[in-house]
Amino acid sequence: MRISIIGAGYVGLVSGVCLSEVGHHVVCVDQIPEKVESIRSGKSPIFEPGLEELLRRNLKARRFTATLDMARAVENTEVTMIAVPTPSRNGAIDLRYVEAAARQIGHVLRNKRGYHVVAVKSTVIPSTSDTVVKPILQQTARKALGEFGLCTNPEFLREGDAIKDFLRPDRVVIGSDDERSFRVFKKVYSPFRCPIVHTNLRTAELIKYTSNSLLALLISYSNEIASIAEAIGDIDIVDVTRGLHLDNRLMPFLKGSGSSSGERITPGILTYLKAGCGYGGSCLPKDVPALCAFAEKQGYKPHLLRDVIGINHRQPVRLMDRLHHELGGLRNKKVAVWGIAFKPDTDDVRDTPAKPIVDFLLKAGAKVSVYDPLGLEQARKTIFKDCHLTYSESPFKAAAGAHALVVVTAWPQFKKVDFRKLSDLMKKRAFVVDGRRLYKRQSVIQAGLQYIGVGYRGSREVA
Ligand code: NAD
């Protein structure tokens with residue numbers, strides 16, 4: 001199939017490269033010339049494990065390319081996917097990129113012969129495709145739905161695992177309000193073996209928000225229990241979580257193995273049932289508020305989801321309040337932050353919990369040094385553009401001479417730390433603030449450091 005994708009970001013580029021890998025001919029359209037140039041030369045503008053190799057292979061096989069020329073891309077393909085940003089504006093969804101893309105596609109469809117399907121891959125509030133995208137396409141194309149097709153096809157890939165997720169999907173969701181759009185569009189996924197959930201346009205859109213809201217809910221639930229554990233004292237959330245996870249409805253016994261062998265399935269969802277310093281990234285922090293804002297506009301107040309958001313906002317601040325208290329103030333204290341990317345294996349720093357943490361520290365007068373294996377460059381250009389920080393090229397350099405170290409991202413290289421070495425180069429009895437519960441408390445304390453961990457407050461916080 002010949003497919004054009006508008007937007008060559010995380011979703012557009014990964015989808016494009018993967019769809020060409022399974023045999024389609026794909027062209028990604030972007031409006032940033034350097035991005036297009038970089039993609040065409042085989043260099044991925046974003047970091048995603050395995051992406052660059054796949055990009056080069058498919059460029060070479062001439063199944064994949066990138067362009068600035070939207071008109072030609074749409075003209076020469078049968079299906080166009082919209083994968084442009086849907087950011088947040090005052091807590092509600094900002095549809096201006098989706099609307100602009102729909103207008104541009106519609107203009108091309110006006111003179112294009114043959115049936116063409118437009119699919120909205122961006123995450124959009126339920127009813128966007130039928131009440132916003134459809135009218136724009138009909139007006140600009142001067143054609144009625146039926147003369148062209150319209151689907152929604154929300155994307156569920158996770159950054160850091162995006163290639164695997166796309167090439168081995170657990171399900172594909174396709175929304176359409178007419179049979180023909182679906183019949184044509186589903187061919188995009190014919191090389192994949194997975195269930196296809198076919199619904200109307202707005203149901204497909206809500207499936208995406210339901211999925212993201214559940215993930216956010218599980219994280220905030222875990223963080224709320226962690227805060228309760230802290231308030232009571234002498235309870236470690238890690239032990240609580242282990243006791244929870246071993247419920248066989250969460251970790252079922254392997255079929256046929258019986259409970260005696262103890263062999264269990266560890267579902268991926270459990271990684272969201274863990275306490276930490278809050279969720280971040282390009283999806284949950286914008287999508288949950290967008291759903292709430294829209295529900296409120298429709299006359300329903302989503303109390304539970306509003307609390308999920310509130311807990312997530314407070315989580316990094318609560319952790320920094322504890323450090324502030326333990327250090328007796330932060331003015332002129334040196335604090336190192338390990339991890340800026342919102343999760344490991346990505347350079348994406350959008351809405352990372354590192355941002356409120358660093359903001360808190362700077363506001364309180366601390367001197368902050370940061371380290372991240374991949375996210376420093378992005379952070380310097382975007383979220384920390386106006387901040388006075390030290391960017392370190394190694395974790396130990398960042399921590400040298402610091403009164404405290406705050407671990408924000410669970411990068412594998414942060415998991416194994418030589419605490420003796422760390423203790424030698426940090427200030428005497430410096431604090432390790434374990435925002436992801438990566439460390440054994442005792443190992444930190446035995447090295448002469450002090451420990452603050454999400455979801456644990458001892459009768460004496462300090463050993
Ligand atoms: P992104 O910012 O990484 O990429 C979007 C790209 O679209 C940019 O390169 C931008 O230049 C380009 N663009 C915008 N308007 C354009 C236009 N009119 N013509 C050509 N190019 C245009 O965004 P993303 O992370 O890929 O997210 C895209 C959508 O997918 C969002 O709705 C997001 O919520 C959703 N989504 C993202 C993820 C994720 O993990 N990033 C996962 C699932 C869904």
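**Close-up views of a predicted model**

A polar side-chain atom of Arg350 is placed 3.0 Å from an oxygen atom of the ligand, a polar contact being a pair of N or O atoms within 3.5 Å, where within protein one must be able to donate a hydrogen and the other to accept it, and residues adjacent in sequence count only if both atoms are side-chain atoms. This is a predicted model, in which local features need pLDDT of at least 70 and side-chain atom pairs count only at pLDDT 80 or more, while totals for chains, interfaces and linings use all residues. Residues are numbered from 1 along each chain as its sequence is written, and side-chain values use heavy atoms, with hydrogens and water left out.

**View 1. The largest nonpolar core.** This core holds 45 residues, of which Ile6, Ile105 and Leu137 touch the most other members; a nonpolar core is a set of buried Ala, Val, Leu, Ile, Met, Phe, Trp, Tyr and Cys residues joined through side-chain atoms within 4.5 Å, and buried means under 20% relative accessible area, exposed over 50%, and partly exposed in between (1.4 Å probe, protein chains only). Domain 1 (2-199) and domain 2 (276-453) both give residues to this core, so it lies between them, the domain bounds coming from an automatic or database domain assignment.

**View 2. Ile6 and its contacts.** Not counting residues up to four places away in sequence, Ile6 touches residues including Val29, Met70, Val74, Ala101 and Ile105, where contact means heavy atoms within 4.5 Å.

**View 3. Thr67 in strand 3.** Thr67 belongs to strand 3, which covers residues 64-67 (helices, H or I of at least four residues, and strands, E of at least two, are DSSP runs numbered from the N terminus). Because its relative accessibility is 16%, Thr67 counts as buried. The side chain of Thr67 reaches the backbone nitrogen of Asp69 at 2.9 Å, and, leaving aside neighbours within four places in sequence, Thr67 is in contact with residues among them Val27, Asp30, Arg40 and Ala73.
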